[in-house]
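Hi! Here are my notes for you to read alongside the model. Have it open on your screen and look up each residue as we go.

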Amino acid sequence: MALILGIDPGSRKTGFGIINTLGGRHEYVASGVIRLPDEALPERLQVIFASVCEVIEEYCPEQMAIEQVFMSKSAGSALKLGQARGAAIVAATSCELPVSEYEAKKVKQSVVGNGGADKFQVQHMIKQLLKLSAVPQEDAADALAVALCHANTEQHLVSVAQAKHFRRGRMV
């Protein structure tokens with residue numbers, strides 16, 4: 001059993017999602033969106049750091065997974081996103097949580113089966129996979145998707161490590 005915190009970083013909104021995973025079963029624990037004040041970037045980064053620390057303190061996850069920076073149209077936007085990620089990562093490492101990073105395409109591939117899926121598809125699949133009664137907010141769904149991607153990756157690594165040998169590219 002592992003509690004995994006997923007983070008979808010942003011300089012205006014940062015999503016978080018927590019799942020509990022046991023083997024191949026995943027269950028929803030909590031999710032939400034950290035809405036950042038319309039202030040200068042340093043103040044927004046402080047809010048991300050403090051809010052992620054609060055989530056960690058409240059739910060006591062064992063691991064954190066976060067989306068990697070992708071190249072956007074604007075270098076300034078990519079830099080701000082990177083700083084938001086940094087604030088969340090420092091919050092996790094200050095609480096001694098191991099942090100794993102995943103590309104957005106890998107997250108979408110893991111959850112939807114298509115690395116180019118749109119936000120609506122991710123929301124729909126999160127609702128289905130975690131058996132939620134309603135579709136979660138965009139940023140919360142993305143964070144839950146990051147957590148699920150991490151859980152699936154960890155599960156795959158464990159099964160590979162337990163395989164006796166490979167035959168024609170398959171685990172036996």
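**Notes on the model**

1. Let's begin with the largest pocket, which holds about 480 Å³ of space. A pocket here is an open set of points on a 1 Å grid over the protein atoms alone, where a 1.4 Å probe fits and protein lies on both sides within 12 Å along at least five of seven lines. Its volume is the space filled by probe spheres set on the points, with grid points joined across faces, edges and corners. Of the 21 residues lining this pocket, D8, P9, E67, F70 and K119 are the closest to its centre; to count as lining, a residue needs an atom within 4 Å of a point.

2. A word on the ground rules. You're looking at a predicted model, where local features need pLDDT of at least 70 and side-chain atom pairs count only at pLDDT 80 or more, while totals for chains, interfaces and linings use all residues. Residues are numbered from 1 along each chain as its sequence is written, and side-chain values use heavy atoms, with hydrogens and water left out.

3. Back to the pocket: what is its lining made of? It divides into eight nonpolar, four polar and nine charged residues. (Nonpolar covers Ala, Val, Leu, Ile, Met, Phe, Trp, Tyr, Cys and Pro; charged covers Asp, Glu, Lys and Arg; the others, Gly among them, are polar.) Helix 2, helix 3 (104–111), helix 4 (119–129) and helix 5 (138–162) each supply at least two lining residues, and helix 2 gives the most, with four.

4. Now zoom out. The protein has five helices and seven strands, and along the sequence they follow the pattern β-β-β-α-β-α-β-α-α-α-β-β. Helices (H or I, at least four residues) and strands (E, at least two) are DSSP runs, numbered from the N terminus. Of the 172 residues, 44% are buried. Buried means under 20% relative accessible area, exposed means over 50%, and partly exposed is in between, using a 1.4 Å probe and protein chains only. Among contacts with a separation of 6 or more, 57% join residues 24 or more positions apart; a contact means heavy atoms within 4.5 Å.

5. How do helix 1 and helix 2 meet? The axes of helix 1 (residues 41–59) and helix 2 (residues 75–94) come within 8 Å and cross at roughly 35°. Those axes are lines fitted to C-alpha atoms over the stretch in contact, and angles run from 0 to 180 degrees between N-to-C directions. The crossing is right-handed, meaning that the near helix is turned clockwise from the far one by less than a right angle. Helix 1 brings residues including L41, R44, I48 and F49 to the contact, and helix 2 brings residues including K80, A84 and A87. Sorted by type, the contact has 13 nonpolar, two polar and two charged residues.

6. Leaving out residues up to four places away in sequence, S11 touches L36, R44, K80 and A84.

7. Next, G17 in strand 2 (residues 13–22). Is G17 buried or exposed? It counts as buried because its relative accessibility is 0%. Beyond its neighbours within four places in sequence, G17 contacts I4, L5, G6, A30, S31, A143, L144 and A147.

8. Compare V47, which belongs to helix 1. Its 25% relative accessibility is why V47 counts as partly exposed. Not counting residues up to four places away in sequence, V47 touches I34, L36 and P37.

9. Finally, check two backbone angles. Most residues other than glycine have a negative phi. E96, though not a glycine, has a positive phi of about 60°; it lies in the loop between helix 2 and strand 5 (99–102). K131, in the loop between helix 4 and helix 5, has a positive phi near 55°. E96 counts as exposed because its relative accessibility is 73%, and K131 is exposed with a relative accessible area of 73%.
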